[in-house]
Amino acid sequence: MDKDERCPCNTGEIYGSCCGRFHTGYSDPQAPAWPATAVELMRSRYSAFALMLPGYLLATWHPSTRPTELDLDETIVWKNLEIVRTEAGGPFDQTGIVEFVARYGLLGQREYQHEVSEFVREDGRWYYLDAVE
Ligand SMILES: [Zn+2]
């Protein structure tokens, strides 16, 4: 995706200064970048699903729950992300909760995923842990 295009995560920001900086920065020792909050991580993971970036998804998955590999479904077209609620998840918290609705199209049908996700911060980095609901 072009840096100047609208970010898939629905902030209304351009991709390069929204989720794009994490998608490139997470593995870049010269210009490292990692989300500072659980909700930023949530948004960047949604964008990574939309842009088919399994490497980023695995890197931001907590090692205790991370799958060994990730097969992204190319038939899913991610439409938008709505953040419903957040709890903690700030730069000085150890855990965070993000409730969201992600809408997508699949085989011409409108579908959605409503999830309450749990995040943990370790060594200054937020990770996706699991769905609690
Ligand atoms: Zn974004």
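In what order do the four strands of the open sheet run? The order is E1-E2-E3-E4, and the pairing is antiparallel; strands here are DSSP runs (E, at least two residues; helices are H or I, at least four), numbered from the N terminus, and two of them pair if DSSP finds at least two bridges between them. Strand E1 (76-88) and strand E4 (125-131) sit at the edges with a single partner strand each, so one side of each has no neighbour in the sheet. From one strand to the next, the twist averages 30°. All this comes from a predicted model, in which local features need pLDDT of at least 70 and side-chain atom pairs count only at pLDDT 80 or more, while totals for chains, interfaces and linings use all residues. Residues are numbered from 1 along each chain as its sequence is written, and side-chain values use heavy atoms, with hydrogens and water left out.

Strand E3 (residues 109-122) pairs with E4 in the antiparallel sense over six bridges. Glu118, for its part, has Asp130 in E4 as its bridge partner.

Then there is the zinc ion. Its protein donors are Cys7 (SG), Cys9 (SG), Cys18 (SG) and Cys19 (SG), at 2.2 to 2.3 Å; donors are N, O and S atoms within 2.8 Å of the metal (3.2 Å for Na, K and Ca). Along the chain, these donors follow the spacing C-x1-C-x8-C-C. Cys7 and Cys18 both lie in the segment before helix H1 (20-25), so the pair ties together parts 11 residues apart in sequence. Cys7 counts as buried at 3% relative accessibility (buried means under 20% relative accessible area, with a 1.4 Å probe and protein chains only), and Cys18 counts as buried at 9%.

How values were computed: Axes fitted to C-alpha atoms, helices over the stretch in contact; angles between N-to-C directions. Buried < 20%, exposed > 50% of the residue type's maximum accessible area, 1.4 Å probe, protein only.
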